[in-house]
Amino acid sequence: MVSAQSAEVGGPTRRRPPLPVKLVIAGGFGVGKTTTVGSISEISPLTTEADMTSAAAGIDDASQVPGKRTTTVAMDFGCITIDESLKLYLFGTPGQDRFGFMWDDLAIGAIGALVIVDSRRLDDCYPAVDYFERLGLPFVVAVNRFDGAVAHDLPSIRWALAVDDAVPLITFDARDKLSVRDALLVVLDRALAKARAAQTKR
Amino acid sequence: MTSDKTPTERTAGALVRPFLSGPSDGAGGADGARGSRGADDRADAPVPDGALRPFLLTAGRVAGQDSIAIETQVVTTDSGRTAVDQLGFERRDIVSLCGNPLSVAEIAAQLSLHLGVVRVLVGDLSADGHLSVYLPNADASTDVDTLLRVIRGLRAIG
């Protein structure tokens with residue numbers, strides 16, 4: 001089973017699948033993650049359930065918590081076919097931060113993350129910002145313009161979130177495909193800068 | 001079911017059962033748990049972690065293939081297409097579904113199965129030669145050329 005990258009395991013097939021790459025869409029409950037995924041995904045967002053006993057093996061030790069046997073969480077995702085051999089997956093994190101245990105599953109191997117913020121409820125995104133900072137994953141904070149309005153100006157939001165000046169802070173409209181595309185491009189830009197820096201170091 | 005038990009068993013049962021029954025179990029939790037233990041041939045073993053339904057699908061295992069990431073692409077092989085009628089339930093569903101490449105996450109969503117269950121079943125079916133599993137390129141997300149392709153692809157949307 002465990003074999004080289006993109007290696008074929010199991011026998012001959014008709015068609016070679018695309019190389020999957022993924023991007024995480026994070027943020028608090030109800031900030032517009034599913035809307036964001038739905039705006040740009042070529043399939044309508046799918047929901048799957050993950051079970052803590054498998055998703056959190058080694059991360060959360062359920063055996064230490066009597067009665068805490070299993071937690072089921074829902075995760076929304078969509079995809080964009082980049083070309084015939086490359087497919088971009090967008091995974092929305094489960095909104096409630098008590099489901100943070102599942103994030104490793106989503107974030108490890110990801111290109112980067114878009115952290116969506118509702119400017120009226122800034123503290124909802126703290127867990128996401130903390131998590132990606134610690135992981136060292138390139139991320140962008142995107143304020144969702146609900147009804148075209150942002151409750152605070154961007155410098156105030158940056159101050160409140162205490163994110164590094166290098167972390168892009170943008171506004172976008174989760175319902176607008178092109179706006180979502182541009183937000184994703186900012187994430188890609190960050191990831192590219194990081195990849196190029198790593199390349200020159202080698 | 002509880003009336004013929006000793007007081008100790010009743011206490012233990014009363015304490016343990018409600019916690020073991022997952023939200024999907026409802027009132028049938030107690031009977032379901034007992035049945036699962038019997039089928040396991042290990043009546044003395046503690047009831048394992050996890051909801052019962054996913055367990056039945058994976059013959060009691062939770063240790064899925066950790067290497068199978070959620071975006072891992074899965075395709076049915078010729079052997080899988082031939083064997084599809086001999087496979088049962090979820091295994092047949094997965095093999096039928098993956099005529100075209102699908103990610104593990106898409107399989108889970110389309111068949112309404114837990115991700116963990118899909119990981120275990122995909123691992124089994126791959127070991128049996130019914131599925132090809134293409135492990136994602138771990139370096140793709142930090143590869144400059146791949147990132148440039150994604151950027152070009154996104155810019156083309158409009």
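Two residues are in contact if their C-beta atoms, placed from the backbone, lie within 7 Å.

## The model and its labels

This is a predicted model, in which local features need pLDDT of at least 70 and side-chain atom pairs count only at pLDDT 80 or more, while totals for chains, interfaces and linings use all residues. Residues are numbered from 1 along each chain as its sequence is written, and chains are lettered from A and ligands numbered from 1 in the order in which they are written.

Helices (H or I, at least four residues) and strands (E, at least two) are DSSP runs, numbered from the N terminus.

## Helix α1 against α6 in chain A

Helix α1 (residues 33–40) of chain A packs against α6(A). Their axes lie 8 Å apart, at an angle of about 100°. Axes are lines fitted to C-alpha atoms, for helices over the stretch in contact, and angles run from 0 to 180 degrees between N-to-C directions. Angles under 35 degrees count as roughly parallel, over 145 as roughly antiparallel, 65 to 115 as roughly perpendicular and the rest as oblique. α1(A) and α6(A) are therefore roughly perpendicular.

T36(A), S39(A) and I40(A) come from α1(A). They meet K177(A), V180(A) and R181(A) of α6(A). This contact of α1(A) with α6(A) has two nonpolar, two polar and two charged residues. Ala, Val, Leu, Ile, Met, Phe, Trp, Tyr, Cys and Pro count as nonpolar, Asp, Glu, Lys and Arg as charged, and the others, Gly among them, as polar.

## Between the chains

Helix α6 (residues 177–201) of chain A also meets helix α8 (residues 144–155) of chain B. Their axes come within 9 Å and cross at roughly 165°. The two helices, α6(A) and α8(B), are therefore roughly antiparallel.

On the α6(A) side, the contact residues include R181(A), L184(A), L188(A) and Q199(A). On the α8(B) side, they include V144(B), L147(B) and L154(B). By class, the contact of α6(A) with α8(B) has eleven nonpolar, one polar and two charged residues.

## Inside chain B

Three strands of chain B form an open sheet, in the order β2-β1-β3, with antiparallel pairing. β2 (102–103) and β3 (131–134) of chain B stand at the edges with a single partner strand each, so one side of each has no neighbour in the sheet. Helix α7(B) packs on this sheet, touching β1 and β3 of chain B. The direction of α7(B) makes about 115° with that of β3(B). Two strands pair if DSSP finds at least two bridges between them. Two bridges join β1 (residues 73–76) of chain B to β2(B). One bridge partner pair is V74(B) and L102(B).

Helix α5 (residues 89–97) of chain B packs with α7 (residues 115–127) of chain B at about 75°, with axes 10 Å apart. α5(B) and α7(B) are therefore roughly perpendicular.

## Where confidence falls

The predictor's confidence in each residue is pLDDT, from 0 to 100. Chain A has a mean of 79, and 76% of its residues reach 70 or more. Chain B averages 71, with 58% scoring at least 70.

In chain A, pLDDT stays under 50 over residues 1–13 and over residues 52–70. In chain B, pLDDT is below 50 over residues 1–52. Where pLDDT is low, the predicted coordinates should not be read in detail.
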